[in-house]
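This report walks through one protein chain.

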Amino acid sequence: MKSPWWSRRKFLIAGGSGWLGLAATGVRSGFAASPAEFPSPPPKPSPNNRLNLGLIGAGGRGRYLAAEALRLGENLVALCDVDARQLESARKFLASQGEPGAQAAQNLRLYEDYRKLLDDAKLFDGVLVATGARWHAPISMAMMKAGKHVYCEKPLVRTLTEARQLAELARNSPVATQTGTQGCSAWTTRRAIDVLRAGLLGPIREVYLWCDYYGPNPPSHDAPAGEDPVPAGLNWDFWLGPVPYRPYKAGLYHPGCLRFQNWLFMDNGMLAGQGAHTFPLPVLGLELGPPVRVETELPEPLRETYPSKGYFRFEFAARGDQPPVTLWWTDGGRYPPEEVTQELKTGLGKTPQGGILFRGERGQLYAGGWGGEGILKLQGEKRWRGVLDHEAAKAVPVSLPRSPGDNHMQEWLAACRGGPKPLSSFETGARIAEVFLPGILAMRLNRPIQWDAQNLKVPDAPEAEQWIQNHYRPKWLL
């Protein structure tokens, strides 16, 4: 059955001059997405009506998102995954999640192809997307163009071109979007943004981000030779989707994000995987745009996977009356210098395994790796105090609305019903990706780069285009 909101024929016609027409060829730098023609969106449900949702990507993260939507009173009507085993496993999991889950599991429609799900567009109002970064932008854009609300897990995009395209589409779209960076809905995160914007710490020129939650990766390496039989029920070619084809190797890429995220042909390692959670606070709190310069250090020669330890230095231009900022990202067991974290270590008894440390002229602010748990210490003070408790922070006006119940999913569901745009909408998620993804270019080139964000170019490195543009395999795209 064809969708009354957006027929596949109309979608293809519109895509010919928009993002889809670029899928096979890759966009040129400086691309600005064509104004999208959107179908009339479905009528907004009243606050007492349940939203009908589909889940695309039925692995571990996806099924927990679906369970959360059911817990909040919505209706799950469809599961979509290219792996039949994941579909069945997800259905069993949902059936175990109390009465709402058991009821949904009985009536679910199962799909192995998101395009067939779109053919049944009258069935659902919105989708939860949890497929892995290689599929996030293509599927999200297809659903948005079909007039569907979209909640997409992070990393929201894989390339800088996707970030630019998705942000432009979201700006002109009537649907509600949400990036799966849950820490952005914590009240401590939103108050920390207010504190930073108010200038309570004085001018800030240094920010340190680090992540040691998962230990070091193996040294960067290539895929082993050979090929294993593809498990029954798994459409391996479709699973890879837009990225270059690779032979199936058991346990190498699938299933699970911690397996596939380090393979650079389909994802961007820990910088994107955890960085998508950690960068929002400095980007939003300091109102950062894309960096102007990035450098990196590699602990070993770069092969097909992310290195064992990440190190990136991002330099940002002055913004209004705010000075230039240098931001460091490290992972895999590499921490900021001891002299940087000494006061934090003294106050907490140890250096946290990850987080964000802002060092201003009048004080410091630390938040956890997901943006929450904010603590503050002004000059002359002996101890750290929470951003919600510190007297100076209490005096900072509230500028950001509180998420309903501090719940990330609930904020999106409210937006689907016509409520305020979520703080982590796709516009925000894409903006944050444009801040950290130039680091991948410096890593790939293994040298410092100047970044021309306006034109999406490394001016003296035309070879970087291969990692900036999409270069999709079009076989599985709409």
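## Terms and source

Buried means under 20% relative accessible area, exposed means over 50%, and partly exposed lies in between, with a 1.4 Å probe and protein chains only. Helices (H or I, at least four residues) and strands (E, at least two) are DSSP runs, numbered from the N terminus.

This is a predicted model, in which local features need pLDDT of at least 70 and side-chain atom pairs count only at pLDDT 80 or more, while totals for chains, interfaces and linings use all residues. Residues are numbered from 1 along each chain as its sequence is written, and side-chain values use heavy atoms, with hydrogens and water left out.

## The chain as a whole

The protein chain holds 19 helices and 15 strands. It has 478 residues, and 59% of them are buried. Contact means heavy atoms within 4.5 Å. Take the contacts between residues at least 6 apart in sequence: 70% join residues at least 24 apart.

Helix α7 spans residues 160-171. Ten of its twelve residues are buried, so the helix is mostly covered. The buried ones include Leu160, Arg164, Leu166 and Leu169. Among the elements that cover them are α6 (133-145), α17 (426-436), α18 (438-445) and α19 (465-468). The expected span of a helix is 1.5 Å times one less than its number of residues.

Helix α17 is largely enclosed by the rest of the structure, because nine of its eleven residues are buried. Among them are Phe426, Ile432, Val435 and Phe436.

## The nonpolar cores

A nonpolar core is a set of buried Ala, Val, Leu, Ile, Met, Phe, Trp, Tyr and Cys residues joined through side-chain atoms within 4.5 Å. The largest one has 109 residues. Tyr114, Met143, Phe279, Trp329 and Phe358 touch the most other members. Helix α6 supplies the largest share of this core, seven residues. Another core, of 26 residues, lies apart from it and includes Leu55, Ala90, Ala104 and Ala415. In soluble globular proteins, nonpolar side chains tend to be buried together.

What does phenylalanine 279 touch, not counting residues up to four places away in sequence? Its contacts include Leu209, Phe314, Leu327 and Trp329. Ile432, Val435 and Phe436 are also among them, and these three are buried residues of α17.

A grid of 1 Å is laid over the protein atoms alone; a pocket is an open set of points where a 1.4 Å probe fits, with protein on both sides within 12 Å along at least five of seven lines, and lining residues have an atom within 4 Å of a point. Grid points are joined across faces, edges and corners, and a volume is the space filled by probe spheres set on the points. The largest pocket has a volume of about 700 Å³. It is lined by 42 residues, and Ala130, Thr131, Gly132, Cys257 and Phe260 are the closest to its centre. Helix α6 gives the most to this lining, with five residues. Ala, Val, Leu, Ile, Met, Phe, Trp, Tyr, Cys and Pro count as nonpolar, Asp, Glu, Lys and Arg as charged, and the others, Gly among them, as polar. On that basis, the lining of the largest pocket has 19 nonpolar, 14 polar and nine charged residues.

The second largest pocket holds about 330 Å³ of space. Of its 19 lining residues, Arg158, Leu264, Arg444, Gln466 and Trp467 are the closest to its centre. Helices α18 and α19 each give two or more residues to the lining. Helix α18 gives the most, with three. By class, this lining has ten nonpolar, six polar and three charged residues.

Valine 175 sits in the loop between α7 and β6 (177-180). Is valine 175 buried or exposed? It counts as buried, at 10% relative accessibility. Its contacts beyond four places in sequence are Met144, Gly147, Lys148 and His149. Histidine 149 is 26 residues away from valine 175 in sequence, yet 5.0 Å away in space, C-alpha to C-alpha.

Arginine 313 is in strand β9 (residues 311-316). Threonine 326 is in strand β10 (residues 325-331). Arginine 313 is partly exposed, at 25% relative accessibility, whereas threonine 326 is buried, at 14%. Threonine 326 also touches Arg205, Glu206 and Val207, among others.
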